[in-house]
Amino acid sequence: MDIYDQIDELLPRRTPRRLEKMLRALEWRTRRITVVMEDVFQPHNAAAVLRSCDAFGIQDVYILENLYKLKIDRGVDTGVSKWMTLNYRSLPTASSMRFGMHKPDVLGPDARENTRLLLSELKRKGYLLAASSLTPGACSIDSVPVDRPVALLIGTELSGLSPAAHEMADVVFSIPMLGFAQSFNLSVFAALCLQKICLAMRALDDSWKMSEAEKKELLLKWLRTSIDGEDSK
């Protein structure tokens, strides 16, 4: 049974309203932009970032667990993560602590290698690595190129991205702070970045759109997820 037959078999089990929401979301879904969260340890922050990703049509999110095991707050993410593709890259030594006691600038060799392996993989896939930073000399987010796939790198709440991530970045950017505060809340920062990058990329051309084959594959996955969720109730 090919993918079209499988979809046709599952479609009658969905209400027109649910199917309409899926088809609308598919039209805005993109894999030209992805988000990498490195050692984000607060569950509500991570969940809020995922909500923003879903709202802006981001399908793929990568979660680096070098220091911390991340537990998504399902009450905050409102279930959007089940429609997304979450890719975990975890070290067995990552802690379940939520206090941010470790600092990414003292990562051990295994943690540095874990970050480098993922970022190297994304580079091979053609992604430009855009690292968020408050370091002097960072360019404005408006300068991040959007004529190629972009991976937005977001670091831990206390210290930001690790030196390993900074070293591999193609672009280091910041959002100018005009008041007394030195940084945004992590989830707010992610939403602002995604809005800027998504709007700029979609205004450039239609290369951000998923292919029809990708849409069909994702629709089949969503149909199965939706039906499995109802069957488990």
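**From a helical lysine to a strand alanine**

Lys 215 has its place in helix 8, which covers residues 212-231. The model discussed here is predicted. Lys 215 has a relative accessible area of 9% and therefore counts as buried, since the cut-off for that class is under 20%. When residues up to four places away in sequence are set aside, Lys 215 touches Leu 26, Glu 27 and Met 210.

The setting of this helix is a protein with eight helices and seven strands. Of its 233 residues, 46% count as buried. The accessible surface of the protein amounts to about 12,000 Å², and carbon and sulfur atoms contribute 54% of that area. Among contacts with a separation of 6 or more, 83% are accounted for by residues 24 or more positions apart.

Attention may now turn to one of the strands. Strand 6 spans residues 150-154, and Ala 151 lies within it. Is Ala 151 buried or exposed? Its relative accessibility is 0%, so Ala 151 counts as buried.

The surroundings of Ala 151 can be described through its contacts. Leaving out residues up to four places away in sequence, Ala 151 touches Thr 34, Leu 122 and Tyr 127, together with Leu 128, Leu 129 and Ala 130. A further distance places Ala 151 relative to Lys 123: the two residues are 28 residues apart along the chain, and their C-alpha atoms are separated by 9.0 Å.

Conventions:
Residues are numbered from 1 along each chain as its sequence is written. This is a predicted model: local features need pLDDT of at least 70, side-chain atom pairs count only at pLDDT 80 or more; totals for chains, interfaces and linings use all residues. Side-chain values use heavy atoms; hydrogens and water are left out. Helices (H or I, at least four residues) and strands (E, at least two) are DSSP runs, numbered from the N terminus. Buried means under 20% relative accessible area, exposed over 50%, partly exposed in between (1.4 Å probe, protein chains only). Contact means heavy atoms within 4.5 Å. Accessible areas come from the Shrake-Rupley method with a 1.4 Å probe; for residues, only the protein chains shown count as cover.
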